[in-house]
Amino acid sequence: MRKGFGICALALAACSAGTTTPASSGGFQITVSGEELAVSGYPASEFVDGWEVHLEHVIITVENVRINADPDKDPGDPTVLGEEVASVKGPFAVDVSIGGPVVGKSGEKTIAIATIDRQKNGDAFDPKTRYAFSYDLVRASAAATLTNLDERGRALYDEAKTKGWSSIFEGTATYRGPAPVAGSVFAKMPSEVRFKLGFANPSAYLNCANTDFAAVGDEYPRGIQPSVDKPTIAQITMHTDHLFWSKLNVEGTELHFDPIAAQALPPPAVVTTDDLVGVDISAFKTRNGELLPARSFSADYTAPAGTLSFDANQTTFARPNSFAAFLAYTAAAAGHLNAAGECAIRNEFAP
Amino acid sequence: VKRTLVAGLLVALVVPSGCGSTGSKRFTFETRAGGARDAGTPYTFTNAAGWTITLTKANVTVGPIYLNVVAPLRTASRWSLFKSAYADEAHLGGGRVVGEVLGQVTVDALSSRLVTLGARGTITEEQVRTAEIWLWPPPGIAPERIGIDAPAADFAGEAVRGSERVRFRGTIVIDDAWASDAKPGDITATPITEIRQVRGVPASFFPEEGGALEIRVDVKPLFRGADFSTLANNPVDADGTVRLVQAKSGPVTTDQVMRNAFQGLRASRGTYDVRWTTGDDR
């Protein structure tokens, strides 16, 4: 693993980018995780429509990791922060489906991308103080450090640079549900679907809440806080399940793969983002133009009668009802802190 | 997914606790509502699916209305939407409500003429960044009651694409047809009260005493993605008018055009234009 490259903001002695060396006591180690779901995949029980999904590559580019004073400066607006006291520029390309040697918040494999030991003015962080934590996920860049990308990951990243993508999801889905009724829409769908979805959805994740802290009521305090006797991990956590949600601007829905599978041709064809641009979320159809019924094999979720549709929930797209736009928007909500801490999200794209 | 289930706390009933107070001046104001500035009867436009739509009727009932200091959706305020997945009302601010109009009006969206709401609003003199348009049932009906028959929107018209011609009519009632199927407390559950709210409508202004709130409702976004060729199974009136359907069960369930209209009615951008006017620009 390469060490010490990348650009630290101002004080080189205060932070180190692209390193796996743990931070000093009182400092922070910045890691990136896609959780176990990105590494091991989703069993069919997680999807209501019977699909088992394995993510082979989920690549993001992290930039501008920032630590600011006063995460609670404006309780009503989490984007209002105190001054920036430390930062790491990056960018770092990370494949969260591969992970790294650092054990994550949920026991998963994560990769360290930087350490921040001191404030940029040289002062130590105050162990009695919470600091705001923010970062950007940006478009693939030639300047990015390729932290853990394998050969296929590098090829995908080259494509992402060409196409301006900021997130890439490549994988395979296998249908494990009951045998479809002969002649039905579902019987015409392949039982194995490969997909490669790239999105130009750069976004800033601001003043994240931290689920390592004890909740106050139902709310987790924002920010990160150093420890006097050990380095503190700030884990940028990607929730890959957002890609399969059926409703925007909420935290958590049942998972669907049918709408993607419905656009598949027999293997080895791959469903790409381009295949989904013209797909209408208000009434999904198959690639052949047949209406796609909603279905569920989950005891916890009853599929509505009729055609499957997704809910944009107050969001509008440049191309009305575009499934690709829906996915780009929902995927942009994947960034969190320390497993499940929610961040204020500023999309740097128009869906 | 285990994580999301663990995170599945109760969805909150979003009820602002009243206007914020920072010591700024507080005053009452008048609210006027009407259709888009270019609206007229009939109102004709072409949508993204290539249909030229002529509306002959378009009524939308809005209110109450809240004015918030939080920034619009797609910037910071997605925070507030995420936060609304939690039970603690303290999250719901996602900012701070500084103004409110506790009234309701049915807008003829085919007329650009403004009508004045009976109820005067109150506001604290503070920068407003977003409005919340709530599509509440009429007074006397509890906002959390799911089964209602009061329309939030009622429209009729004709859509033409090439040789295709579809006369249609539809009524959106925000009732069980749009309610979440999830059990209360499940992470996917969304209370009907939340479904009856449009939050994060851009509205950047600093209110000054003597000014008025102006709300214009443009119904074009209700038909942006509507494809009238999908209505083959819908019921038809004796005169050939296709009835749009909102229903979770029955021979025809919610159709594509109705679903688009509902999404448009709840869109935070495009449908509602909220601004502060003074004597100079009224």
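Residues are numbered from 1 along each chain as its sequence is written, with chains lettered from A and ligands numbered from 1 in the order in which they are written. Because the model is predicted, local features need pLDDT of at least 70 and side-chain atom pairs count only at pLDDT 80 or more, while totals for chains, interfaces and linings use all residues; side-chain values use heavy atoms, with hydrogens and water left out.

Chain B contains 4 helices and 15 strands, where helices (H or I, at least four residues) and strands (E, at least two) are DSSP runs numbered from the N terminus. Of the 282 residues in chain B, 58% are buried; buried denotes under 20% relative accessible area, exposed over 50%, and partly exposed the range in between, with a 1.4 Å probe and protein chains only. Among chain B contacts (heavy atoms within 4.5 Å) between residues at least 6 apart in sequence, 81% join residues at least 24 apart.

In chain A, strand E12 (residues 203-206) is covered on both faces. Ser203(A) and Tyr205(A) on one side, and Ala204(A) and Leu206(A) on the other, are all buried. In a regular strand the side chains alternate between the two faces of the sheet. Strands are taken to pair if DSSP finds at least two bridges between them. E12(A) runs antiparallel to strand E8 (residues 132-137) of chain A, to which 3 bridges join it, and Asp136(A) stands opposite Ala204(A). E12(A) also pairs with strand E17 (residues 344-347) of chain A, in the antiparallel sense and over 4 bridges; here Arg346(A) is the bridge partner of Ala204(A).

Helix H2 (residues 151-163) of chain A comprises 13 residues and spans 19 Å from its first C-alpha to its last, close to the 18 Å expected at 1.5 Å a residue; the expected span is 1.5 Å times one less than the number of residues. The buried residues in H2(A) include Gly153(A), Leu156(A), Tyr157(A), Glu159(A) and Ala160(A). Viewed down the helix axis, the buried residues of H2(A) fall within an arc of 160 degrees, so they line one face; the arc is that of the directions from the helix axis to the C-beta atoms. The face turned away from this buried side carries the exposed residues Glu151(A) and Thr162(A). Among the elements covering the buried residues of H2(A) are strands E3 (51-68), E5 (92-95), E9 (145-146), E10 (167-175) and E11 (192-199) of chain A.

Rings of Phe, Tyr and Trp (its six-membered ring) were paired if their centres lie within 6.5 Å, with planes under 30 degrees apart counted as stacked, over 60 as edge-to-face and the rest as tilted. By this rule, the count is 30 aromatic pairs over all chains. Phe27(B) and Trp276(B) form an edge-to-face pair, 6.3 Å centre to centre with 65 degrees between the planes. This pair links distant parts of the chain, as Phe27(B) is in strand E1 (residues 26-35) and Trp276(B) in strand E15 (residues 272-277) of chain B, 249 residues apart. Both Phe27(B) and Trp276(B) are buried. A further edge-to-face pair is formed by Phe155(B) and Phe223(B), at 5.3 Å centre to centre and 85 degrees between the planes. Phe155(B) lies in strand E10 (residues 153-161) of chain B and Phe223(B) in the loop between strands E13 (212-217) and E14 (242-243) of chain B, so the pair ties together parts 68 residues apart in sequence. The relative accessible area is 3% for Phe155(B), which is buried, and 1% for Phe223(B), also buried.

In chain A, ring pairs link Tyr42(A), Phe47(A), Trp51(A), Tyr175(A), Phe195(A), Phe244(A), Phe257(A) and Phe297(A) into a cluster. Arg295(A) lies over the face of Phe186(A), at 3.7 Å from the ring centre; this assignment requires NZ of Lys or CZ of Arg within 6 Å of the ring centre and within 35 degrees of the ring normal.

Ser246(A) is located in the loop between strand E13 (232-238) and helix H3 (258-261) of chain A and counts as buried at 10% relative accessibility. Beyond its neighbours within four places in sequence, Ser246(A) is in contact with Thr253(A), Glu254(A), His256(A), Phe310(A), Asp311(A) and Phe326(A).
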